[in-house]
Amino acid sequence: MEVIKPVSQYLAVLLLSPLLPGVINRVKAMFAGRRGRPLAQLYFDLYRLFRKTPVYSRTTTWVFKAGPVVGLGALLAALAVLPFAGRPALLAFEGDFIFLIYLLGLARFAAVLAALDTGSAFEGMGASREMQFAVFAEPAFFLGFAALAHITGQGSLSGMFGSLTGDLWRTAAPVLALLTASFFIVLLAENSRVPADDPDTHLELTMIHEAMVLDHSGPELAFILFGAALKLWLFGSLIACMVLPRHGGLGAFNTALFILVLFGVAAAVGVTESITARLRLTKVPYMLITAFTFSALALIFQMGR
Amino acid sequence: MLLALFSLLILLFSSVLALCLRRDPSRSQDAGAYGAAAASAAGLIPAVRVLLTGVTETVSFPWQVPLGSLTFTLDPLAAFFLIPLYLLTGLSAVYGVDYLKSYSGKKPLGLAWAAFNLLTAAMVLVFTAGNAVLFMVGWELMAAASFLLVLFEHEKQQVRRAAFIYLAACGTGALLLLAAFSLLGAHSATLDFSSFPPPGRAAATAVFLLALCGFGLKAGFIPLHVWLPEAHPAAPSQVSAVMSGIMIKTGIYGLIRVLGFIRPWEDWWGWALLLLGAVSCLLGALFALAQHELKRVLAYSSIENIGIILMALGLGMVGAASGAYTLAGLAFAGALLHVLNHALFKGLLFMGAGAVLHAAGTAELEALGGLAKRLPRTAPLFLAGSAAACALPPFNGFAGEFLIYLGAFRSLNSPGSAALAGVLSGLALASAGALAAAAFARAGGVAFLGEPRTERAAGAHEAGGLMLFSMRALALLCLLAGLAGPLLLVPLAPAVAAGFGFPFASAAAEAAAVPLLYVSIGGLLLLALAALAAAKRRACLAGKVPAEGPTWDCGYAAPSPRMQYGASSFSQPLTDFFQPVLRKLGQYPVIPEYFPGRASFSAEAQAVFYNAVYMPAAARLRDIAYRFSWIQHGRLQLYIMYIVVTLLGLLLWKL
């Protein structure tokens, strides 16, 4: 019994995560006065892509094909340490968030190498920028976890979010608010959303993530899209766990509330995308430095508390 | 222990043999390589045994040298350093047989093999010496042998310059170490390590500073690193692998040994190591990102990794000062584990760079590209080594850094300055990791992927069988060490106990066992999930024939290799951001017309510390020395008179 629950949670994440991009798109469509794509569009896309025959560039090697496979594998492994609605994850151990950060790094490394394998100037450009933003995002992310570990006194993600109670929000609201803001900025940058990147364009020179996957098609593109949805779930649920304190309510109710909050995070991403313009490329590091500052302030407040 | 001495003898014997057979390159190659491989096999046995039993073995012979004795001590700490030493030198020797073949007849291979085996023997001596005089003999032999190897391609002006800078660094370091050991043994009858009396506070601080600078010049952390990015790329690749993989670690080993002699530690020592290490790992990764030559990228990455090791040592010392044994033990264990891991992946990477150099005749990143098609066996090995160097799971780099992170996070809830130390080192580790990932994605991506940028890269060929064997063995070790999890604690715990004290070892073993187990479970899970994804892809593609075409360049029909992103364009956003630190030189094209014709662009990474600090200092030193040049006139009789006068003076002083 003990194993069944985390496994079923894990499978639920795989099933539900493609909904999140749908929510973002619906919110954006509402702001633009359109009806928008169906909520389940990504499921249709994935189904279609899995059946397609891919096209490979003659320049590419096995690295190009391995990139999406390794990237998806890394994200799937990262989800194994991610708690679900405050309940322990499949794997929970001291320092598992470091494992998570480095798995995201592995996914990025694989994507960047696959992009460079095409020899395309556009994909090289995207790869270069992806790496640049990671340099600024990772320290912010790391410090955020340090503050979270300090405030909860726990060493694992499941422990941290399991002991994040309403009391903590009453006593240390500034710290948690700063952390939420910091993680939200990192979410925007890591998931290539406006204002760091624009998921809708891939023919402009500001593109980053979309440019890296220009040459991918068929099942490989499906892997990438699915991986992106999983990554969005991952970051979104970190924030959802943060703003939704634990309480001893009913299990099913908790789960429903968690998923609702997660959709709320996705909606917030959609709103942000609708009301802000994309930043100039050279300004994106400063946005991430802001996130870093938020995390650092949170840590300082917490250590001085 | 006797087997370790036996391996030492094999090395010395094969070294002489290689020199004697120098007229016949292939036989001298055989003598050198077989000797090194046999010595590795013989030497690994006692090292593993000592690590498993935890028993220190000592052998002592009389020696006529004043204050010296032929005392060899093999404790778990030395054994822990001997393992990567033997692994790496043995595999490098095997690699060297193929690598040096193309130099046959053009270069004195006998001399090169003699120097290589002498270098190995000297390092064995350094790790097993139980007496300061013996240690210094090994230390100076190591410098001399590696100097010869750096000079391998002495017809190049750049190589001669590199070797000269290296020699100066070695000499300065040795002088400082002589002073440190003299201070330590001032009140002792011999200079045996076991007989050093605990020094006074002032003397301890002096010894610490001397040892930090003396060993630092070998370890190559910033700002004592200037020789490293010059000398490592100049040497033949299998020698670069040994120099970067294990020779610079002798500096770390020496520092740990001396730290053991000068307890109790002052509080600020740990902070000094921590800050120096943090600066080294950040700047090392940043400089690696700006380099244009593959082996220079790797050399700067070595500075980064030495920085990580030093920072972990410092974190441990800060933790030890505030009584946080778990934190300190984890940091010490992480530092030692990273010594092993770095030796494995950096050896692999330098061998991969050597394969590139061998195949394309150049390691300039902007001249490479598309090598994954031309070196299909080397490419995955190099990329795996890159992933390990970026500490990406499931490879070994992650395990060592993970222990340091664990220590850093344990510090958060401990009192005093340890928390600050933990946050700082964790932050430096995270930032350096992201920079290193950028540097290695750039190096591996530009060299191996895409289209070849020059004819030379297009005509490259696969590395030889022995070269591939060594690289495969190292890559496999990288993966196994990454998945070994708690098994890593079996050799680590006795090494930490021997180097720092038993309480640290037991605390670290207790705290790290479960997380390390999960790390290896996570690594296996990652491999399983990636295999699952690969199986899904294969199932999707079953029965379909993928189409082929040119790379999609947004509608542009004739993309050329010159349009690819190159090494400097890949790193430009980051290097521009950090320009105040990097101070790279460059010329950007100015476009004055609507239809510009030719344009040129150049970017050059500078040796910032060498140009801004060492050159002016050396110039001033030369000016001062010039004023005293009348002392050095070249008349031998007068030189002998100097010696006599000095001796007389010492005699009178003693009376």
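In this predicted model, the axes of helix α3 (residues 76–99) and helix α13 of chain B approach within 9 Å and cross at roughly 10 degrees. Because angles under 35 degrees count as roughly parallel, α3(B) and α13(B) are therefore roughly parallel to each other. The residues that form this contact are set out below.

| Helix | Residues in the contact |
|---|---|
| α3(B) | F80(B), F81(B), I83(B), P84(B), L88(B), L91(B), S92(B), Y95(B) and Y99(B) |
| α13(B) | L336(B), V339(B), L340(B), A343(B), L344(B), G347(B), M351(B), G354(B) and H358(B) |

Sorted by class, the contact of α3(B) with α13(B) comprises 14 nonpolar and 4 polar residues, with no charged residues.

The largest nonpolar core contains 382 residues, and those with the most contacts inside it include L149(B), V356(B), A78(A) and L103(A). Helix α13 of chain B, spanning residues 325–360, gives the most to this core, with 25 residues. At least three residues of the core come from each of domain 1 (266–536) and domain 2 (568–604) of chain B.

Setting aside neighbours within four places in sequence, L149(B) is in contact with A112(B), A115(B), F116(B), L119(B), A235(B), P236(B) and V239(B).

In chain A, V27(A) belongs to helix α2 (residues 19–32). Residues up to four places away in sequence not being counted, V27(A) touches A267(A), G270(A), V271(A) and S274(A). V27(A) and A266(A) are 239 residues apart in sequence, yet their C-alpha atoms are 8.8 Å apart in space.

Notes:
Residues numbered from 1 in each chain as written. Chains lettered and ligands numbered in written order. Predicted model: local features only at pLDDT ≥ 70, side-chain atom pairs only at ≥ 80, totals over all residues. Helix = DSSP H or I, 4+ residues; strand = E, 2+ residues; numbered from the N terminus. Contact = placed C-beta atoms within 7 Å. Core = buried A, V, L, I, M, F, W, Y, C linked by C-beta atoms within 7 Å. Buried ≥ 20, exposed ≤ 12 C-beta atoms within 10 Å, placed from the backbone. Domains from an automatic or database assignment. Axes fitted to C-alpha atoms, helices over the stretch in contact; angles between N-to-C directions. Parallel < 35°, antiparallel > 145°, perpendicular 65-115°, else oblique. Nonpolar A, V, L, I, M, F, W, Y, C, P; charged D, E, K, R; others polar.
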